[in-house]
Amino acid sequence: MYAIVTTGNKQYKVAKDDIIKVEKLEANVGDVVDLEVVMLNDEGKIKCGKDAAKASVKAEVVAQDKAKKIVIFKYKAKKNERKRQGHRQPFTALKITEIK
């Protein structure tokens, strides 16, 4: 059994006990969040739309962290203009506890 859930304007394919990294959610570590279901596959029986919206996916917040640093480097050739910047995107790690 797996489900397609949406959070942060992105869709994720999840199954029980999966750990996914999503856009930062305002929740503390240990909290249980309910995710919006778009599609549900139950042993070959596919449910979409309103039927899938009746299903529920619960996930536990495992961590609030930042991703690996990426480096942004801009320069203009022959002008001695250089700009170096770093960015770490915050994320929330979720563990899927149940799909029903």
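Student: In which sense do E4 and strand E6 pair, and over how many bridges?

Tutor: Start with the terms. Helices (H or I, at least four residues) and strands (E, at least two) are DSSP runs, numbered from the N terminus. Two strands pair if DSSP finds at least two bridges between them. Here E4 and strand E6 (residues 57-66) pair in the antiparallel sense, over 4 bridges. Within that pairing, Val32 stands opposite Glu60 in E6.

Student: What kind of model am I reading, and how are residues numbered?

Tutor: This is a predicted model, with residues numbered from 1 along each chain as its sequence is written. Local features need pLDDT of at least 70 and side-chain atom pairs count only at pLDDT 80 or more, while totals for chains, interfaces and linings use all residues, and side-chain values use heavy atoms, with hydrogens and water left out.

Student: Which strand does E1 join over 5 bridges, running antiparallel?

Tutor: E1 is joined to strand E4 (residues 32-42) by 5 bridges, and the two run antiparallel. Ala3 has Leu40 as its bridge partner in E4. E1 also pairs with E2. Strand E1 (residues 2-7) and strand E2 (residues 10-14) are antiparallel, again with 5 bridges. There, Ile4 is partnered by Lys13 in E2.

Student: What does the E1 and E2 hairpin look like at its turn?

Tutor: The hairpin leaves 2 residues between E1 and E2. Gly8 sits in the turn, with a positive phi of about 65 degrees.

Student: Which residue takes a positive phi in the hairpin of E4 and E5?

Tutor: Glu43 does, with phi near 55 degrees, and 2 residues lie between the strands. Glu43 is a residue other than glycine. Its place is the loop between E4 and E5. The strands themselves are antiparallel: 4 bridges join E4 to strand E5 (residues 45-48). Leu40 has Lys47 as its bridge partner in E5.

Student: Where is Asn80 found?

Tutor: Asn80 lies in the loop between E7 and strand E8 (81-87). Asn80 is not a glycine, yet its phi is positive, about 55 degrees.

Student: Are Glu43 and Asn80 buried or exposed?

Tutor: First the scale. Buried means under 20% relative accessible area, exposed over 50%, and partly exposed in between (1.4 Å probe, protein chains only). Glu43 is exposed, at 76% relative accessible area. Asn80 also counts as exposed, at 67%. Now take Thr92, in strand E9 (residues 90-99). Thr92 counts as buried because its relative accessibility is 0%. The C-alpha atoms of Thr92 and Val29 are 9.1 Å apart in space, although the residues are 63 apart in sequence.

Student: How many salt bridges does a search of the whole structure find?

Tutor: The general idea comes first. Side chains of opposite charge can pair when their charged atoms come close. The cut-off for a salt bridge is a side-chain nitrogen of Lys or Arg within 4 Å of a carboxyl oxygen of Asp or Glu. The search finds 2 salt bridges. In one, Glu23 pairs with Lys10, and their closest N and O atoms are 2.9 Å apart. This pair links distant parts of the chain: Glu23 is in strand E3 (residues 19-23) and Lys10 in strand E2, 13 residues apart. Glu23 is partly exposed at 30% relative accessibility, and Lys10 is partly exposed at 37%.

Student: Which residue forms a salt bridge with Asp17?

Tutor: Lys16 does, with 3.8 Å between the closest N and O atoms. Asp17 is partly exposed, at 47% relative accessible area. Lys16 counts as exposed, at 52%.

Student: Which residues make the nonpolar surface patch?

Tutor: The rule for patches: residues need over 30% relative accessible area and no salt bridge, with like charges joined within 9 Å and nonpolar side chains (Val, Leu, Ile, Met, Phe, Trp, Tyr) within 5 Å. Accessible areas come from the Shrake-Rupley method with a 1.4 Å probe; for residues, only the protein chains shown count as cover. Val71, Phe73 and Tyr75 make this patch, which covers about 340 Å². Val71 is in strand E7 (residues 70-76).

Student: Which residues gather in the patch of positive charge?

Tutor: Lys and Arg count as positive and Asp and Glu as negative; His and the chain ends are not counted. The place of a charge is taken as NZ of Lys, CZ of Arg, CG of Asp or CD of Glu. Lys24, Lys66, Lys69, Arg84 and Arg88 form this surface patch. Lys66 is in strand E6 and is partly exposed, at 48% relative accessible area.
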